[in-house]
Amino acid sequence: MLVINPPIVIASGVGGFGEYMHFIPPEYVGAYTLKTITYKPKSGNPPPRMRAGEFYILNSIGLENPGIERFLKDVKKGEFNHLFEKVKVIASLGGESKDEYLKISERFSEISEKFEAVEFNFSCPNVEKGGLSIIENKQEWRDTLRLIRETLPNTFLIAKIGMEGIFVEKAVELIKTEGWDGVTLINTIRGLHMDAGRNYVVGGLSGPILKPIALRMIYEVRKHFEDIFIIASGGVYTAEDAKEYLDLGADAVAVGSALFKDPNVVEKIVKGLSDRITRE
Amino acid sequence: MENLILTKKKVLQINEDTFILIFEEDPDFSPGQFVMMETPALVRKPFILGRWMGKTAISVKIRGKGTKYLVFEATQIRCHLPLGNPFVPPNERGMAIVSTASITMASMLNEIYGVEVLVGSRTPLVMKTPFETVVGDNAFEERIKKLDYEWYLISGSIEMEKKAWNILKKRKTEIFLALEEYMGCGIGACKSCAIQTKYGIKHVCTDGPIFRGDELCW
């Protein structure tokens, strides 16, 4: 069983590989999800990679990461020990195909005991292969979920999904049927930012614009599934935002883009949740 | 690196659209490093750090709501700093060629290392500075052609940097360029400020913000 207390998680992607712990006292972090590691190293998408509007941030990072072999080496060398000593750490894994998802699971099994949980990214909208596209073929995705479960039998498995490609309730039904423990809802959703000169950037939308959409997804999933662990994600900037998700049945709430506005936002959110944390 | 509040002490107008913001606090940083400043927008904005009249200062060119807020409304600004890598001049025989938006950084280089400074501005300055200034694109290009230093640091808009780069790159000199790219975190976590270099993707926040000209794909 995964216990996240306080119920606030640093979201994958925005949080990088722990850099925000420079700013946040560890007692305010329930868990820290690292940036997605893929089977092969990825240099990410060409610039520009980020733009923002009044209510949204759009990113097109493209899962830039050093790949699983380098990650394994770094973890074994102790490069992340400073993080493991301070907070619960959730790994995030991804790949470009079923085969890569399975291979990365096998490689990750060498270090899985160091992590509280592993979140598999089935929803990145910024890569041509893998990410969101992996769930297009439902049978293949089901097989992928089953085989990962077999490869990591004792790991707390979380599937990070978006709201595209499949109705979220249907996705969670598959995830649960294959024996997974939790879901992170929702990833960014596809968007396009156009500037005054009609130049545009396509990518994944995050920020306040995501909150009503993500709230609905949490509502639907909790309505149908009482016992799946839910990390809610989407437009959390304040303790009030977090409370809305928790009131709908989320077990924890992820903070992502809000860190761009204030690296100390997590401390403020957790202080605003103090009554609930005490009660729990 | 810390998350703190800077209190605006004084605002000086340099030209039509650029202002120097001088702060009361005196945080520790080096020339070349930058600060991420909070505005009403969702993402903090990067500004290269410097000094003016012996105090911590930044130059802000008005571009939109966020920069107007910093110049005309904000009194206490939440920010994190120092970010990026310090710039250490190779020797004394170089020059910083800067727009007014980088004048405080150049002033700090001058103060610490005695680096000479040339300021390029599209519009006339409305305040006196201790540095040579050229106004307008043509005057800027003509002045650049006559320069004779061992190295140059160029910091300004992309158009200005490319103008100076295209003239100076033909010479056997070292050229350094301060780059701007949209930034999310400023601390190396989000990977949004990527630039393409001859050696692959690099990030303005952790590899820069000042790069060697010969590694850029310009």
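**Stop 1: helix α1 of chain A**

Select residues 68-77 of chain A, helix α1, whose buried residues are Ile68(A), Phe71(A), Leu72(A), Asp74(A) and Val75(A). Because they cover an arc of only 165° around the axis, they lie on the same side of α1(A); the arc is that of the directions from the helix axis to the C-beta atoms. Here buried means under 20% relative accessible area, exposed over 50%, and partly exposed in between (1.4 Å probe, protein chains only). Helices (H or I, at least four residues) and strands (E, at least two) are DSSP runs, numbered from the N terminus.

The model is predicted: local features need pLDDT of at least 70, side-chain atom pairs count only at pLDDT 80 or more, and totals for chains, interfaces and linings use all residues. Residues are numbered from 1 along each chain as its sequence is written, chains are lettered from A in the order in which they are written, and side-chain values use heavy atoms, with hydrogens and water left out.

Next, display Lys73(A), Lys76(A) and Lys77(A), exposed residues on the face of α1(A) turned away from its buried side. The buried residues of α1(A) pack against β3 (37-38), α2 (81-86), β6 (89-94) and α3 (98-108) of chain A, where contact means heavy atoms within 4.5 Å. After α1(A) comes Gly78(A), with a positive phi near 90°.

**Stop 2: helix α9 of chain A**

Select Lys271(A) and Glu267(A), which form a salt bridge with their closest N and O atoms 2.9 Å apart. A salt bridge is a side-chain nitrogen of Lys or Arg within 4 Å of a carboxyl oxygen of Asp or Glu. Both residues lie in α9 (265-272) of chain A, 4 residues apart, about one turn of the helix. Lys271(A) is partly exposed at 47% relative accessible area, whereas Glu267(A) is buried at 18%.

**Stop 3: the interface of chains A and B**

Show both chains: the contact takes 29 residues from chain B and 32 residues from chain A. Between chain B and chain A there are 3 salt bridges. One to select is Arg44(B) with Asp262(A), at 3.6 Å between the closest N and O atoms. Arg44(B) also forms a salt bridge with Glu38(B), at 3.1 Å, and both Glu38(B) and Arg44(B) are buried.
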